[in-house]
Amino acid sequence: MSGMQEMVCSTTKQKVIEVGLDFLQGVGADHICRVCIAGGSSCCSGCRSIKHGFGCQKRNTSCTAWLCGFLKFIFYKAGFMHEWKQFWDQVPGQDYREDFTPPYFPVRMWLDKPNIRFLSEAFAEDLHELNPYNNVFWLIEIKETLDRHIDNLMKCSDPKVKRKIEKKINFLTKDFRRFHLAAEQLV
């Protein structure tokens with residue numbers, strides 16, 4: 001499991017982007033993105049910084065910090081949601097696909113790169129297998145539903161309501177057998 005290191009220091013916008021990308025690489029976000037891009041539901045669709053065949057040409061703090069519903073689900077199951085949010089809450093200037101982050105600013109918490117690529121790989125394999133059996137909007141629908149449920153879970157303090165939300169998530173992901181087998185390795 002990853003942890004946060006606490007140490008107040010000045011850093012750069014580029015450094016926090018690199019730390020975020022390193023963390024996402026350790027989680028295996030690329031496995032998830034490949035399935036979504038191939039399925040036509042990329043989160044980056046329509047962004048003016050994307051060049052066909054080359055990818056992002058202007059990575060920023062906002063886009064690096066943002067998680068789709070699939071990644072939120074994986075981060076939640078792996079126990080990284082609070083850590084991720086705490087790290088990015090200290091980075092000023094984030095806005096939807098925009099970045100007003102100053103060149104230098106203080107940070108107290110740093111992310112350590114996790115090693116759970118196997119979890120995202122299993123989830124991506126399940127997505128890839130299940131996608132053809134569902135309607136053309138299935139990837140978008142399940143991604144947005146997971147996003148909403150995880151957001152609600154993170155805001156909720158009532159244990160009874162949390163159990164209801166987790167039950168909905170478990171039902172939604174019941175067919176993700178590879179993922180659930182891989183998740184058992186986290187315990």
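**Close-up 1. Helix H4, a mostly covered helix.** Helices here are DSSP runs (H or I, at least four residues), numbered from the N terminus, while strands are E runs of at least two. The buried set in H4 is Gly69, Phe70, Leu71, Lys72, Phe73, Ile74, Phe75 and Ala78. Just past H4 comes glycine 79, with a positive phi of about 85 degrees. A quick heads-up: this is a predicted model, where local features need pLDDT of at least 70 and side-chain atom pairs count only at pLDDT 80 or more, though totals for chains, interfaces and linings use all residues. Numbering starts from 1 along each chain as its sequence is written, and side-chain values use heavy atoms, leaving out hydrogens and water.

**Close-up 2. Aromatic rings pairing up.** Searching the whole structure turns up 14 aromatic pairs. Rings of Phe, Tyr and Trp (its six-membered ring) pair if their centres lie within 6.5 Å; planes under 30 degrees apart are stacked, over 60 edge-to-face, and the rest tilted. Why is the pair of phenylalanine 75 and tryptophan 84 edge-to-face? The ring centres are 5.3 Å apart and the planes sit at 85 degrees, so this pair is edge-to-face. Both phenylalanine 75 and tryptophan 84 are buried. Phenylalanine 87 and tryptophan 88 are another edge-to-face pair, 5.0 Å centre to centre with 85 degrees between the planes. Phenylalanine 87 is buried at 0% relative accessible area, and tryptophan 88 is buried at 4%. Ring pairs tie Phe23, Phe75, Phe80, Trp84, Phe87, Trp88 and Trp110 into a cluster.

**Close-up 3. Helix H1 and its buried residues.** H1 covers residues 13-27, which makes 15 residues. From first C-alpha to last, H1 reaches 21 Å, close to the 21 Å expected at 1.5 Å a residue (the expected span is 1.5 Å times one less than the number of residues). Among the buried residues of H1 are Val16, Ile17, Phe23 and Leu24.

**Close-up 4. Lysines over rings.** The charged end of lysine 15 sits over the ring of tryptophan 110, 6.0 Å from its centre. For this, NZ of Lys or CZ of Arg must be within 6 Å of the ring centre and within 35 degrees of the ring normal. Likewise, the charged end of lysine 174 sits over the ring of phenylalanine 171, 4.6 Å from its centre.

Key. Buried means under 20% relative accessible area, exposed over 50%, partly exposed in between (1.4 Å probe, protein chains only).
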